Amino acid sequence: MAIRLKLRLKRSDRQVDVVALVNSGYETLEPEVLVPSKIAEELGLLPLLPPGSMVKEYVLADGSIAKLIRIPRALKVSIVEEDTVVGDVEASVVVSDKADEVLISDKLAGKLGIVALDFAEGLWCFRDELGRRVRKSYSR
């Protein structure tokens with residue numbers, strides 16, 4: 001198992017709720033979320049790219065290099081739980097036509113206050129709940 005959360009991705013008048021994988025190995029300098037092309041289209045980020053978009057090279061976990069579209073500060077991201085909604089964190093978007101799920105970068109996880117308790121069991125909490133609450137991962 002892994003840690004997967006329900007996110008709300010908002011852009012202007014559009015929003016999409018998705019289940020996203022927390023990926024501590026997805027290291028960035030600022031909050032970033034990787035989305036499949038289909039999600040980018042639902043948010044109106046494709047096919048016409050917003051100003052400031054660029055193609056950037058990313059080194060993947062297997063060491064290969066992929067050229068992906070990066071759209072700076074394109075979304076507001078929140079975690080949606082049964083008892084709370086946390087966030088509205090501004091994040092850049094990376095669009096991948098090969099991705100099959102949404103990925104949360106390390107910096108976005110930090111800004112959203114996510115604390116991993118057990119990656120193998122998919123257990124986590126918000127930073128302000130540490131020692132008081134354990135939340136369970138969503139299934140894929």
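Reader: Which residues have the most contacts inside the largest nonpolar core?

Author: This is a predicted model, where local features need pLDDT of at least 70, side-chain atom pairs count only at pLDDT 80 or more, and totals for chains, interfaces and linings use all residues. Residues are numbered from 1 along each chain as its sequence is written, and side-chain values use heavy atoms, without hydrogens and water. Leu7, Leu9, Val35, Val77 and Val93 have the most contacts inside the largest nonpolar core, which has 32 residues. Strand E5 gives the most to this core: five residues.

Reader: What makes a set of residues a nonpolar core?

Author: Its members are buried Ala, Val, Leu, Ile, Met, Phe, Trp, Tyr and Cys residues, joined through side-chain atoms within 4.5 Å.

Reader: Which residues are in contact with Val35, leaving aside its neighbours within four places in sequence?

Author: They are Leu9, Ala40, Val93, Val94, Val95, Ser96 and Val102. Contact means heavy atoms within 4.5 Å.

Reader: Why is Ser92 called buried?

Author: Buried means under 20% relative accessible area (exposed is over 50%, partly exposed in between; 1.4 Å probe, protein chains only). Ser92 has 0%, so Ser92 is buried. Ser92 lies in strand E6, residues 85-96. Strands are DSSP runs (E, at least two residues), numbered from the N terminus. Beyond its neighbours within four places in sequence, Ser92 is in contact with residues including Glu30, Val33, Arg70 and Ala74.

Conventions: Helices (H or I, at least four residues) and strands (E, at least two) are DSSP runs, numbered from the N terminus.
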